[in-house]
Amino acid sequence: MKKIIALIALAYRSISVLINRQLGTWQVLTRLFRSIWSDARHLQIIALTSLLTINFAVIDFGARMMASTFALAASLLTQVGCSRLTKIPVDLRSPLITGLSLSLLLRAEEPWMHAVGGVIAIGSKFVLRVDGKHIWNPAGFAIVVLLFTAHGVWISPGQWGASIWFASLVGFFAIMVLHAARRTDIAIYFFLSHAALLLARAVWLGDPWAIPLHQLQSGSLLIFTFFMISDPRTSPDSPLGRFLLAFAVAAVAYYLAFFIQLRPALYFALIALSPVTLLIDRVLPAPRFAWTASAHKGASR
């Protein structure tokens, strides 16, 4: 009898330990999920990192390990250095997004040019500001500066394949819809405006619809739509202002691409029109965006 009681007690203790471990694991996972969900930038980092991983492991988009390392390291170090100089808390989420975006979009003959891009991108956040608001999206600004000033630099055509493109479209859109921190409306306004102009051109010229549909299936277009023009820290505060900017960027990019024959038209259009956001915010005032309710008023994004 004593042996049976001892065996029962041992089994009870073993089960209790197992249950406590499972509960502890569940609590850790719950905290981790809440931490990730608390800020849309966490989801953006996961999405961009997944794409970069697919590039290295499955399908080659053109990104290179050394160039990506330079872009990420330069972005992170510049953020740390500028944060120390300006005496604001160091937040590495923004430079991670910038570095990953540069890795996926920027192409250069020399890998160290990605480091230059990272320094320009993050430095612009701290220097090029008006009333505490960024004027340009950091990665977009760096790309345009390098295109103007450096040789052997270009933008990735973003041919990811139809399946990955569609999965990315659904994933990026889900991030924006399910998380209030993103500007879902301006992404939709721009994508629909851009698509409408391409489809209208095809109808006007009598081209098959396969041409504009192929032009829309670009990975770089998705990153531009969901990570650049929709950047909450550089887009207008009001819904009407976001619509005006989105349509203007699509229209100017169309003109640059088909009348001026400028290949990276989207980026030039966005950088040229971004300062108009400051005017739009004055004419159409609305509450200023903040990543979290207690966000520090620094150069986090």
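**Entry 1: the second largest cavity**

I began with the second largest cavity, which is lined by Asn-137, Met-228, Ile-229, Thr-234, Ser-235, Leu-245, Leu-270 and Ser-274. I note that the model is predicted, that local features need pLDDT of at least 70 and side-chain atom pairs pLDDT 80 or more, while totals for chains, interfaces and linings use all residues. Residues are numbered from 1 along each chain as its sequence is written, and side-chain values use heavy atoms, without hydrogens and water.

On a 1 Å grid over the protein atoms alone, a cavity is a set of points where a 1.4 Å probe fits but cannot get out; a pocket is an open set with protein on both sides within 12 Å along at least five of seven lines; lining residues have an atom within 4 Å of a point. I read a volume of about 40 Å³ for the second largest cavity. Volume here is the space filled by probe spheres set on the points, with points joined across faces, edges and corners. The lining has four nonpolar, four polar and no charged residues. Ala, Val, Leu, Ile, Met, Phe, Trp, Tyr, Cys and Pro count as nonpolar, Asp, Glu, Lys and Arg as charged, and the others, Gly among them, as polar. The whole structure holds two cavities of 30 Å³ or more.

**Entry 2: Met-228**

I then looked up Met-228, which sits in helix 10. Helices are DSSP runs (H or I, at least four residues), strands likewise (E, at least two), numbered from the N terminus. Is Met-228 buried or exposed? Met-228 is buried, because its relative accessible area is 1%, and buried means under 20%, exposed over 50%, partly exposed in between (1.4 Å probe, protein chains only). Beyond neighbours within four places in sequence, its contacts (heavy atoms within 4.5 Å) include Leu-105, Ile-143 and Tyr-267. The C-alpha atoms of Met-228 and Gly-140 are 6.9 Å apart, across 88 residues of chain.

**Entry 3: the core**

I found 65 residues in the largest nonpolar core, where Phe-190, Phe-224, Val-249 and Tyr-267 have the most contacts. Helix 12 gives the most to this core, eight residues. Such a core is a set of buried Ala, Val, Leu, Ile, Met, Phe, Trp, Tyr and Cys residues joined through side-chain atoms within 4.5 Å. Val-249 touches, among others beyond four places in sequence, Phe-190, Phe-224 and Leu-273.

**Entry 4: the largest pocket**

I read about 760 Å³ for the largest pocket. It has 25 lining residues; Gln-215, Arg-263, Pro-264, Ala-265 and Leu-266 are the closest to its centre. Helix 11 gives the most to the lining, with four residues.
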